[in-house]
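Me: I would like to learn how to read a structure like this one, feature by feature. Could you take me through it?

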Amino acid sequence: MLELVVYGIVFGSIISLGAIGLTLVFGIIRFANFAHGDLMSSGAYFALFMVTGLLSWIGVPDTTFGSLSFGWRMLIAFPVSMFMVGCVAIAADRILYRKLRNNKSSPVMLAMSSLGVAFIIRMLILIFWGADSLFYRPGLMRPALELPLGVKIRPDQILILFVVFSLVVLLHLYLQKTKMGKAMRATADNMELALVSGIDTERVIILTWGVGGALAAAGGILYGIDVQVHAYMGWNFLIPLFAATILGTIGNMWGALVGGLVIGVAQQVSTAFLLSTYKPAVAFMLMILILLFRPKGIFGGKQE
Amino acid sequence: MIILQAENITAGYTREVNILYDVGIRLTSGQIVSVIGPNGAGKSTLLKTIFGILKPTNGKISLKDEDITGLKPDKVANKGISYVPQVDNVFPSLTIQENLEMGAFIRNDDYSQRLNEIYELFPILGDRRKQKAGQLSGGQRQMVAMGRALMVDPQVLLLDEPSAGLSPKLVDMIFEKIIDINKSGVSMIIVEQNAREALKMADHGYVLAMGRNVLDDSGDELLANEEVGRLYLGG
C-alpha cells in the first residue's frame with residue numbers, strides 16, 4: 001500500500017509537469033489545450049530518436065550512470081528535447097492558434113483545433129515508430145532500493161522526483177524573480193492592463209508556450225524512463241492532466257503540482273482495489289467530483 | 001505649448017457603430033484638462049482612442065509635433081503617455097511592488113529612484129509593498145494604478161474616472177494627489193463623473209454629449225456656466 005503511494009507520487013509528479021504547462025497556457029490565453037498530452041509524447045519520442053538514433057550515430061557512448069538506467073545520451077537528449085518541444089508548441093501557436101485568436105474564434109474552436117494538433121502529433125509518431133511500446137534501453141535491469149517499511153523504489157524514480165522538483169523550483173524562481181516571469185503573471189492576471197503597461201503580450205504568450213512545451217517534454221521523457229514510451233501515452237495523460245489542473249485551480253502553478261500528486265496517488269492506490277485498466281476512470285471520476293463539488297479547485301475562491 | 005492634441009476624432013468599438021463623432025481636444029503642457037459629460041457620452045472612449053486601444057476611423061492624434069494616430073498602446077506608452085483605466089486597473093495577484101515594476105516594464109534603466117518617489121507620493125503603498133494588490137481597498141488600488149502609470153515618468157497621464165466607487169473622503173485625497181502629480185510636471189487629461197470637483201482642479205474643461213463636443217472653456221468658466229450647472233453639475 002505504502003509502495004503504491006510512493007509510485008503514485010512518482011507518476012503524479014510527472015503528471016504535474018504537464019499540468020503546470022497546461023495551467024500556465026490556460027491562465028494566459030484561456031484556452032484548453034487538448035494537444036498537451038501529445039506534446040508530452042512528442043518529447044518522449046524526440047528523446048528516443050536522439051538516444052537510440054542520432055546520438056548513437058555520432059558515437060556518444062551508451063554507458064549508464066551508476067545504478068541508473070541511462071547515461072550521457074539521455075543527459076544530452078533531455079534538454080535538447082525540452083527545447084525542441086518548446087519550439088513545436090510555439091510553432092503551433094504561431095501557425096494556428098494565434099490566427100484563430102486574432103479572428104476572435106470561440107474557445108470551442110480553439111479547443112477543437114488543439115485536438116487536431118494532438119491527432120497530427122500522434123499520427124506522426126505512429127508513422128515513424130508504430131504502435132509498439134518502446135524503451136530507451138532495451139532489456140534493462142531494474143535494480144530496486146529497499147527503503148524502510150518495505151518500500152521498493154528504483155534509483156531512476158528517485159531521480160525523477162528530484163528532476164521534477166528542481167524544474168518546479170526553477171519555474172517558481174523564474175516567475176517570482178525575473179522581469180519576464182513577472183510579466184507572465186501580470187498577463188495572466190489582466191491581459192488588457194498588461195498591454196496598457198507596455199508589456200509585449202505576444203512575447204509573453206510565446207514564452208508561455210515555450211515553457212509549457214518544455215515542461216511537457218520533460219514529463220514525457222521521465223515517464224518514458226519510468227515506464228515505457230508508446231504512441232498513446234499522451235492521450236492517456238489527458239484526463240489526469242485536466243483533472244490535476246482543475247483540482248489545483250486553473251491558472252495556479254502550485255495547485256497543478258498538488259493536483260498532479262493527488263491524481264497520481266489516487267490512480268496508483270486504486271489498483272489495490274480495482275483492475276489497473278480502470279486507472280484513467282479513477283482520474284475521470286475525481287474530475288467529475290471536483291467539477292460537481294468544488295469547480296474552482298482547492299485553491300479557488302480566495303482571490304478578490 | 002500644446003503637448004497633446006486630438007482632432008476630428010471619429011471612433012467606436014466596431015467598424016459600423018461609432019461612439020465619437022468629430023471630437024477634438026487639446027492639452028497644454030503642464031495643465032490639467034477635465035472631460036465631463038453624462039454616461040455614454042464617449043469620455044472613456046476618447047481616452048482609449050488617444051492611447052491606441054481603439055483605432056479611430058477618422059481624425060488625427062499628435063503628441064507635440066509627432067503623429068501618433070493608430071499606434072498600439074505599448075508604442076504610445078513608449079512615447080511618454082500613460083493611461084489608468086477605470087476598472088481592473090491593477091494586477092490582483094501581484095504585490096504592490098510588482099505592480100509598480102510592471103509599470104516600468106518598458107524601462108531598461110535603473111528605476112529604483114522612481115520607485116522611491118512613488119512611495120513618497122503614496123506612503124501607504126511603501127508600507128505595504130509586499131501585499132497583493134487584490135487585497136487592497138478601492139482607494140489603495142487607485143493609488144497602485146496611478147503609481148503604476150507614473151513609473152515611466154510620463155509627459156502625459158490619462159486618468160479614467162479616478163474617483164469612481166470611492167467614498168467622498170477618499171475622493172478628496174485622490175484629487176489632492178492628482179494635483180501633486182500635476183505640480184511635479186505631468187500634464188493630464190481626466191475623465192470624470194464627479195464633474196464639479198474635476199472642473200475645480202482643471203485648467204481647461206471639455207463637455208461631451210452623445211459623442212460630440214458640446215462646450216469647452218476654462219474650468220472656472222464652465223463651473224460658472226448656468227447651462228453646464230443645470231445639466232451636468234446637478235443644479
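Me: What should I know before starting?

Reply: This is a predicted model, in which local features need pLDDT of at least 70 and side-chain atom pairs count only at pLDDT 80 or more, while totals for chains, interfaces and linings use all residues. Residues are numbered from 1 along each chain as its sequence is written, and chains are lettered from A and ligands numbered from 1 in the order in which they are written.

Me: How many helices and strands are there in chain A?

Reply: Helices (H or I, at least four residues) and strands (E, at least two) are DSSP runs, numbered from the N terminus. Chain A has 11 helices and 2 strands. Their order from the N terminus is α-α-α-α-β-β-α-α-α-α-α-α-α.

Me: What share of the residues of chain A count as buried?

Reply: A residue is buried if 20 or more other C-beta atoms lie within 10 Å of its own, exposed if 12 or fewer, and partly exposed in between, with C-beta atoms placed from the backbone. By that rule, 50% of the 304 residues of chain A are buried.

Me: How do I read the length of a helix?

Reply: The expected span is 1.5 Å times one less than the number of residues. In H8(A), 22 of the 26 residues are buried. Helix H4 of chain A (residues 107-129), with 23 residues, reaches 33 Å, close to the 33 Å expected.

Me: Which residues of H4(A) are buried?

Reply: An α-helix has 3.6 residues a turn, so residues three or four places apart point the same way. In H4(A) the buried residues include A:Leu110, A:Ser114, A:Val117, A:Ile121 and A:Ile125. Just after H4(A), A:Gly130 has a positive phi of about 80°.

Me: How do I describe where the two chains touch?

Reply: Two residues are in contact if their C-beta atoms, placed from the backbone, lie within 7 Å. Here 15 residues of chain A and 20 residues of chain B take part. On the chain A side, helices H6 (179-189) and H7 (191-196) each supply at least two residues, and H6(A) gives the most, with 5 residues.

Me: And what can I learn from the strands of chain B?

Reply: In a regular strand the side chains alternate between the two faces of the sheet. In strand S8 of chain B (residues 187-191), B:Ser187, B:Ile189 and B:Val191 lie on one side and B:Met188 and B:Ile190 on the other, all buried. S8(B) is largely enclosed by the rest of the structure, because 5 of its 5 residues are buried.

Me: How does S8(B) pair with S3(B)?

Reply: Two strands pair if DSSP finds at least two bridges between them. Strand S3 of chain B (residues 32-36) is parallel to S8(B) over 4 bridges, with B:Val35 partnered by B:Val191 and B:Ser34 by B:Ile190. Strand S7 of chain B (residues 156-160) also runs parallel to S8(B), joined by 5 bridges.
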